[in-house]
Each structure stands twice: as structure tokens, then as C-alpha cells.
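User: I am learning to read protein models. Can we go through the terms one by one?

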Amino acid sequence: MFSASIHLSPSVASHFHLHPCQFLHAVMASNFSNFNSNTSASIQKNLQKDSANRKKIFNDLVDSRLLRCEESIRSISPLSEHDNTKISSISENAENAEDQENLKCMEHQSQIDSLTKALKDAQEELSAMKKGMSKCLSTNQQDIIMDKKKKVTWTKDELTQAFALRYLGQNSYNYIRNVYKYPLPSISCLNNWASTFDIRPGVFHDVLKYMEIAGRNLSDQDRIAVVSFDEMSISHFYDFDSKYDEVYGNHKSMQVVMVRGLFGSWKQIIFCDFDQKMTKEILLDLITRLHEIRFTVKAIVSDCGGGNQGLWKSLAVNHKKCYFSHPKTDRNIYVFADAPHLLKLIRNWLLDTGIKLGNGQIITKRPFESLINHNCGSDLSTIHISDKHLNLTSVQKQNVQTATELLSRKTAILLQRYVGDYQDCKALQEFILTVNNWFDIFNVYWFNAAKSCTLKVPYGVKIHEQDEALSKMTTLIQEMRSVGKVKLQVYQKGILMSIESLRGLYEEMKTDFNIKYILTHRLNQDALENTFSVLRGKGGLYDHPSPLNAIQRLKLIILGKPDLRCRNTNFLHHPETDKTLVEMVLKDVKIDLTTNEENDDEDALNVHRLSQDSLKTLSTSSHEDDHKKKNIFKKFQDEEDGQENIAGYLAMKFKTKYPELGTPNYALTPSESYTQHMSLGGLTKPENPFL
């Protein structure tokens, strides 16, 4: 069977005078019966001829078109002079238009630069305004005032500040918010925020979380902590906590635990419970929890109550062994008794029974009574004690202020000056001065580089003089006995234990952190007592809250800034600058209701008024005078000393303008003047013409 590949074109079909399809049909219909090699060659020849014809026709067409294009080009005449002028004019106009556009662009650019500068100045002014506003207004508050926002999501910082203002009083808060239109969160917003903070009896877990966050910004030294704990009386009412579906009631006291920095300025309440004595298990658990968040407890402090004595016994500490081991690190944790509490006990035992010294001599309150009798009754009197310092009720015996006034260096000097040189008076003076130096060392609130010879500086600044004073106190306490007692009393053991603890803690901290001194007020309970004072004062006359109310008040203190001070006689009132760690995390509440002025002890003595000197130092008085004649003379001397006191103060205040009014004590020769008796180096003695 024959098969072939046939390529047909219209030219081939036309050669056979047939349409290509007809030709193909004819070929296929004949089954190629007549198709032979000659026919194939003829077809091939015709195809080649047809291709050549097509190529010739294409070339002829191209040549024809090129010819016509050349003729068209030849027919175009050159531009006339008029056309060239017109083109030049158009070009010149275009250049002028371009120059005008460039000029306009420059003008616009100048305007843009001017507007840009004005905008920059306005932005700088706005930035300065915002910076000024930021001192008293938060970002959200600024947005509300500038009508940028109608509603905002308050930050924790803003809520904390608003909560502190609310803490001062809801009526004042609403007045500022509604009348003065100060942008503040609503009361319901504050309540919702506060309700999320979990404060219930036991360990405050939420507080520990905030402490852990705050601790990240503290150094290892600043994380050294002191744990203090004490009980506060509450009412016996029953309360129902609807939030947690719990009933509180019939409780007598609330145990509160505070941890504070030994070197860092911070404090935080971490535990409370009702009718719960502090136990070894609770204490070690709290120390362990603090260790887990990288806070190292190095000391604990408490009063000498019966429950705390039981704790000391369970920890195997006493006046001979003043420390116990850390449950995790096995390092020493030193035990301190609260110094102001010990001072009250010294005063109470002295007034109630008298004290028998190591040499067998007994000192009592009779010299104090003789000193009070020498009071001239004038406003100029320098005698600052009265019967209220000696005849105390059970409640008044808890008053620290009267104890510091009675057992002050000033009292000892007045005994020497007015009562006389009787043997029992001299013994009482020495006793007071020894106790005074001890309390000075244990109650230092700030670094006071005074020029005077006082020991009222941080422990370690005058280490040799301070250790000598502490050794003298140790000998006194070990040898003396309360009248009618054979053994050392609890307060004596507390003093001895605290002295040894201070020495041991100082040496250990010096080795670990190369510290120079310790502010010893961080080793007493004043911060905790201050919290109790604020907590009681929050209820006004209702100063014994119910259990639930006590928890709620404690929550307010933790969330707000507890710098409000209510009068409490159980501790010495000093400027409290430590912040809670919750405040550190929520940002500081920028409210300061107290002044941090340090009273000048020397000036205060000159004007004869209750001063920091009488609040922080100790001394006593003693005298027995059987001669009325001499008493009358001493009363006149008291009034003269008062005049010298006032005149010395005035001479000191106007020493720059009128230097002739007085002479500084350090430039005086020894004499028997009142100024030289009282001064530690900074008082001014008035000149006789001024007197």
C-alpha cells in the first residue's frame, strides 16, 4: 500500500486548474493509482517555481514603497524663517514659563520652610506644655483634658495615685473629681481594681509576687531584710466576708508581720492572722518564702511579750546565743528585742520597784520627785518633767515618749545642776547616762555627722566609742537586779541579746558587703507600730476595728501610701521615708503629707521645748533635798537658766547680724553656766550685757 506526505498550496492546485480541496479530493479518490515518480517531480518543480514568484512579488512591493517614501521626502520644503521664529518664540516662552515655575516653587518652598519652623516651634511649645502637665497629670488625664479621648483605660500607676487620694477621704475625692473636673477614675473603677488584690488572713501571696518583681531592681545588699512582728488589739465583732464566703469573729488580736530592708529604703507587710502567736513554723516558712524570691533575712525583731519569749525558746536563742540558722542557707539570723519597748520596761521597773546596782546601792524615783519640786513654776523653767512622768497608769506605762523624756541626758544634767551631789543622785545620773548612750546607739534614724561628741550616729561610724558604751551597758545590766528579784528579768536578757546581735550582724555585713555602718532604727518596731497607728486612725474614733474591717484597712494601707500619721504613744515619731515594695511596682504615689525636717537638737535645747533630742535620747534624774532654803535658791537658779536658755537661742539665730550677742560653746572656757552643762558643742552662750 502506498503512503506519502503531500504538501499542497493554492498555486499547485491552480496549476491543475482545481481548487486545492478539489485537487486533494481527486487525488484521494483515485487512491493514488496514477501517482508515480514523474508526477512527484513535477509537483516539486512547480512548488519551487511558485516560491520564487512569491519572493519576486514581495521584493517588487518593497522597492515600490521605498520609492514612494523617497519622493515624499524630496517633496518636503525646508522650514521658513517665520517658522523658525515661531519655534524660537515657543522655546523662549517655555523657558520663561519654566523660570516662573521655578520662582513659584522657591516661594512655595520658602512658605513651606516658614510653616515648618512655625510647626516645629508649636511642637516644642506643645512638648513643653506636656512636660509641665506631666508633672501633675498622667497621659490619660492629659488626653481627657485636651478632648482627645472620652474614655480611657487607666494604668496601674494612675489607679495607685487615685487610690491614694481616695484613701484620704471619699468626699474630698468626689469634690475634686466632680466640682473641679479633675480627671480621675470613678469610685466603682477603684473598687473593681482593689477587689482584684487578694488580702486574706495568712501569707499575702499577691504581695510576695509584687515583691519578687520589685526585687529585680534591687542589689543583693538592698535585698537584705529584717522581719518584725507584733499583735494589734481588735474588737470581738462577727463579720461576714461575702466575697470569699467566710465568717470572721470573736477574735482578740491580729498578728502582723512586716519585712523591711536593712540597707534599702523599703518595707512591706506580708502576713496577718487572728489570735495567732508567732511560732517557729510560721517564721521559718516566711523566711523560706522570702528566700525563694531572693530576699535574705538576716535579723528578726519583736517585743518581749510572752508569746515571743516562747518563740525565742523554740529557736534556742537567749542572751548568750543570740542567733539561729537560716532554714535554706544555714547562715546566722540575729534576734533583736525592740529598743523602745526595752526602754519602757527600764523606766517601769525603776519607778515601780527600784533597781539595785552591782555595788549594792539602790536607785529609786525619789531624786526625780526632788527635781520636780525645784520647778520655779515659770514659763522660763528648764525642768521638763512633771508628776505625769512618775505616776503612771497601766496604759500610760506603754508611753514611749514620757520614758524618753524622763530618761534623757537633759534630766541627768538637771539632776546634777539642781538636786546636788548626793550619793544616790550621782548613782542615778550615771545609770541614766549609760542607758542614754545605749539607746542613742540603738535608735539612729539617719546619718548625722554632727560636730558634737554625741554617740547618736549610725553604729560603726564611731565604732570604738560605741562598743565601749555598749560594753558599759552590758556590765550594768548583768550586775544590776530589780529590787525583790534574784535573776535577770526578761528586759535585761533582751538588752544583752540585742547588744550581741548588733555586734555580730555588723561584723557579718562588713565581711559580706564591706558596709561602713548600720542605721539601727531598722532593727526596731517603729515602722510596724506606725502602721498600726495608721490602721487605727483610718476609723477615726473607731480605733478597734472588727476582723474584716481590719483586713480591709490593711488592704487600703498596702494599696495606698501609708504615710498618714496618727498620734500613737507606743513608738517614737520620726520621718518615715521607706516605701512599700507594692508601691515600687505600681509606681510611687506622689503624695507627701509630712515634712522631713531634722530638728536641730542643740537649738531645741536652747528654746526649751520638746525636741528630737528628748525623743531619742535617754537620761534620768535623781535628787533628795532636805533643805528648803536651798530649794528656794535652786528655783531662782532654774528661772535664771531659763533666761539664759532663751537668750542663747536668740543669740544663735542672729549670730550673723549681731555676733556680739553670744559666743559658741566650743570657743568658751570651762564654766558652770547652763549652756555649757547642756551643750554637746553646738549651743551658744549669751553675753552678760544681753542677759
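User: What makes S8 and S9 a hairpin, and which residue in the turn has a positive phi?

Analyst: This is a predicted model. S8 and S9 form a hairpin with 6 residues between them. In the turn, Asp 330 has a positive phi of about 65 degrees.

User: How do you know that S8 and S9 pair?

Analyst: Two strands pair if there are at least two bridges between them. Strand S8 (residues 323-325) is joined to S9 by 3 bridges, so the two count as paired. They run antiparallel. Tyr 323 stands opposite Tyr 334 in S9.

User: Which sense does the pairing of S7 and S9 have?

Analyst: Strand S7 (residues 296-302) pairs with S9 in the parallel sense, over 4 bridges. Ile 300 faces Val 335 in S9. Val 301 stands opposite Phe 336 in S9.

User: Why is S9 called largely enclosed?

Analyst: Buried means under 20% relative accessible area. In S9 (residues 332-337), 5 of the 6 residues are buried, so the rest of the structure largely encloses this strand.

User: What makes S7 largely enclosed?

Analyst: Again, count the buried residues. In S7 they are 6 of the 7, so S7 is largely enclosed by the rest of the structure. S7 also pairs with strand S2 (residues 224-233): 5 bridges join them, and they run parallel. Ala 225 has Val 297 in S7 as its bridge partner.

User: Why are S11 and S12 called edge strands?

Analyst: Start with the sheet. It is open, has 3 strands in the order S11-S10-S12, and its pairing is antiparallel. Strand S11 (362-363) and strand S12 (481-482) each pair on one side only, and they are the edge strands.

User: How do you know that S10 pairs with S12?

Analyst: The cut-off is at least two bridges. Strand S10 (residues 355-356) and S12 are joined by 2 bridges, so they meet it. Ile 355 has Ser 482 in S12 as its bridge partner.

User: Why are H17 and H18 called roughly antiparallel?

Analyst: Look at the angle. Helix H17 (residues 463-479) and helix H18 (residues 490-513) pack at about 155 degrees, with their axes 10 Å apart. Angles over 145 degrees count as roughly antiparallel. That makes H17 roughly antiparallel to H18.

User: Which residues make the contact?

Analyst: From H17 they include Ile 463, Leu 470 and Ile 477. From H18 they include Ile 495, Leu 502 and Tyr 506. The residues of the contact of H17 with H18 divide into 9 nonpolar, 4 polar and 2 charged.

Note on methods
Residues numbered from 1 in each chain as written. Predicted model: local features only at pLDDT ≥ 70, side-chain atom pairs only at ≥ 80, totals over all residues. Heavy atoms only, no water. Buried < 20%, exposed > 50% of the residue type's maximum accessible area, 1.4 Å probe, protein only. Axes fitted to C-alpha atoms, helices over the stretch in contact; angles between N-to-C directions. Parallel < 35°, antiparallel > 145°, perpendicular 65-115°, else oblique. Contact = heavy atoms within 4.5 Å. Nonpolar A, V, L, I, M, F, W, Y, C, P; charged D, E, K, R; others polar.
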